[in-house]
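Here's a quick briefing to read with the model open beside you. Take it topic by topic, and keep the viewer handy.

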Amino acid sequence: MKDFRELETEIKKASDKFTNIESINEFRIKFLGKKGIISLEMKELASLSGDEIIASKTEELNSEELEKKLNSETLDITLSTSKSYGTIHPISQVIEEVITIFGDLDFFVAEGPEVETDYNNFTALNTSEHHPARQMHDTFYVETETDGMPNVLRTHTSPVQIRSMLKQKPPIRLIAPGKTFRCDNDQTHSPMFHQVEGLVIDQESNMSHLKGCLEIFLKTFFETDKLNMRFRPSHFPFTEPSAEVDIGYTKKGNQLIIGEGEDWLEILGCGMVHPNVLENVNINSNEYQGYAFGMGIERLAMLKYGISDLRTFFDSDLRWNKHYGFSPLNIPSIIGDLS
Ligand code: PHE
C-alpha cells in the first residue's frame with residue numbers, strides 16, 4: 001500500500017504540470033483510469049480488513065514506543081533499595097539460643113501438641129485429681145475429649161516428657177520448647193506463654209548432674225562466668241525432690257546485672273523425676289532415674305534483653321519489634337561457647 005499523503009503530493013505535483021489537454025489525459029489515465037494508481041489503491045484497500053489495518057498500525061506504534069523507552073530509561077543497579085527487613089522476635093531468638101546451648105550438651109529437641117489429654121498433662125505426671133493446678137480457673141478446657149475426659153490446652157511443656165518416654169527407651173536427653181496456656185492475664189502473666197522442658201533419663205543421673213547442667217546452661221545463656229545460684233526446696237507432683245532455682249542479680253541504675261548481688265530472681269523449676277512418673281510410662285524405676293526442669297522463655301528473654309513488660313511480647317507493635325527484635329542478618333551468636 002502506498003502512503004496516501006505521498007500519493008496526494010504526487011497528484012498535486014502532476015496536476016501543476018498541466019500544460020495542454022494531452023497532459024490532462026495522461027494524468028487521467030495514470031491516476032484515474034481503470035488501471036490507474038487510485039483505482040488500484042482502492043481495490044487493495046477494499047481487500048484489507050479493518051482488523052488488519054488496526055493490528056499493523058498498533059504493532060508499528062508499539063515498537064516505536066518500546067524503542068523510545070529503551071532509549072530513555074536506564075536501571076541503576078548501584079542504588080540501595082528502601083525496603084526494610086523484618087526482625088526476629090525475642091521469643092524466637094531465645095528459643096534458638098536455648099536449643100543451641102542444650103544441643104551442645106547433647107540434648108535433642110522433642111515436640112508435643114498444644115491441645116493435650118488430661119492424662120498426659122496431669123494424671124501421668126502424678127498430679128492427683130484434686131491438685132490445685134487442675135482447677136478450672138487455671139486450665140483452659142476444650143470441647144474435645146479423650147477417654148471421657150475433656151482435653152486441655154497444655155498448662156506446661158511437661159506432657160512432652162510423657163509422650164517422649166512412651167516413644168523412646170532410655171537413655172533420654174531432651175528439651176521441649178513450646179507454647180503453654182493458663183487462664184491468667186496481668187502484668188506478669190499472659191494466657192499464652194512459652195516454656196522449655198528438659199528431661200534426662202538414664203541409670204545414674206542425679207541431683208548434682210542436674211545442678212551442673214543448669215549452671216552451664218544459665219552461665220552460657222546470660223554470658224557470664226560469675227553466677228550466684230541457689231536451689232530452693234519446692235514441690236512439683238512429678239519430681240521428688242523438687243527445687244526452684246534462683247539466680248542472683250543487682251541493679252545498676254535502671255539496669256539489671258545478672259549473676260552478681262544479693263537479690264534473687266526465680267528462674268525455673270526442677271527436680272528428680274518421680275518414680276510414679278517412670279512407672280506410668282513403663283520404665284522400671286529401680287533401674288532408671290533422671291532429672292527434669294522447666295523454665296519460662298519470656299522470663300529468660302526479659303532478663304537477658306531488658307524487656308520490662310510481659311504483655312508487650314504479644315502486642316504485635318512493629319516499633320517494639322524493631323527495637324527488641326533481632327536482625328536476621330546479624331544474629332548474636334553464642335555457638336561455640338561450650339568448649
Ligand atoms: N512444669 C513445671 C511448671 O510449669 C516446671 C517443671 C518442669 C518443674 C519439670 C519440675 C520439672 O511450673
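What follows covers the ligand site, a helix, the strand pairings and a few single residues.

This is a predicted model, where local features need pLDDT of at least 70, side-chain atom pairs count only at pLDDT 80 or more, and totals for chains, interfaces and linings use all residues. Residues are numbered from 1 along each chain as its sequence is written, and side-chain values use heavy atoms, with hydrogens and water left out. Helices (H or I, at least four residues) and strands (E, at least two) are DSSP runs, numbered from the N terminus.

**Around the ligand**

- The ligand has 14 residues around it, and those that come nearest are His156, Ser158, Arg182, Gln195 and Gly294; a residue is near a molecule or strand if one of its heavy atoms lies within 4 Å of it.
- Polar contacts here are pairs of N or O atoms within 3.5 Å; within protein, one must be able to donate a hydrogen and the other to accept it, and residues adjacent in sequence count only if both atoms are side-chain atoms.
- Histidine 156 puts a polar side-chain atom 3.0 Å from a nitrogen atom of the ligand.
- For serine 158, an N or O atom in the side chain is 3.0 Å from a nitrogen atom of the ligand.
- Glutamine 195 has a polar side-chain atom 3.0 Å from an oxygen atom of the ligand.
- On its own the ligand has 320 Å² of accessible area, and the protein covers 89% of that; accessible areas come from the Shrake-Rupley method with a 1.4 Å probe, and for residues only the protein chains shown count as cover.
- Strand 6 (192–202), strand 10 (263–273) and strand 11 (289–296) are the elements that give two or more residues to this shell, and strand 11 gives the most, with three residues.
- Sorted by class, the shell has five nonpolar, seven polar and two charged residues; Ala, Val, Leu, Ile, Met, Phe, Trp, Tyr, Cys and Pro count as nonpolar, Asp, Glu, Lys and Arg as charged, and the others, Gly among them, as polar.

**Helix 10**

- Helix 10 (residues 297–305) is largely enclosed by the rest of the structure, because seven of its nine residues are buried; buried means under 20% relative accessible area, exposed over 50%, and partly exposed in between (1.4 Å probe, protein chains only).
- The buried residues are Ile297, Glu298, Leu300, Ala301, Met302, Leu303 and Lys304.
- They pack against helix 5 (90–104), strand 6, helix 8 (207–221), strand 9 (255–258), strand 10 and strand 11; contact means heavy atoms within 4.5 Å.
- Just after helix 10, glycine 306 takes a positive phi of about 65°.
- Aspartate 309 sits in the loop between helix 10 and helix 11 (318–324).
- A polar atom of the aspartate 309 side chain lies 2.9 Å from the backbone nitrogen of arginine 311.
- Leaving aside neighbours within four places in sequence, aspartate 309 is in contact with Gln187 and Met302.

**Strand pairings**

- Two strands pair if DSSP finds at least two bridges between them.
- Strand 7 (residues 229–236) and strand 8 (residues 239–252) run antiparallel and are joined by seven bridges; they form a hairpin with two residues between them.
- Phenylalanine 231 stands opposite valine 245 in strand 8.
- Strand 8 also pairs with strand 10 in the antiparallel sense, over nine bridges, and with strand 9, again antiparallel, over four bridges.
- Tyrosine 249 has aspartate 263 as its bridge partner in strand 10, and stands opposite isoleucine 258 in strand 9.
- The hairpin of strand 8 and strand 9 has two residues between the strands, and glycine 253 there takes a positive phi near 65°.
- Elsewhere, three strands form an open antiparallel sheet in the order 2-4-3.
- Strand 2 (115–116) and strand 3 (141–146) are at the edges of that sheet with a single partner strand each, so one side of each has no neighbour in the sheet.
- Strand 3 and strand 4 (residues 149–153) pair over three bridges, with tyrosine 141 opposite valine 152 in strand 4.

**Two single residues**

- Glutamine 161 lies in helix 7 (residues 159–167) and counts as buried, at 1% relative accessibility.
- Leaving aside neighbours within four places in sequence, glutamine 161 is in contact with Leu125, Glu197, Leu199 and Ala292.
- Lysine 34, in the loop between helix 2 (21–32) and helix 3 (37–47), is exposed, with a relative accessible area of 78%.
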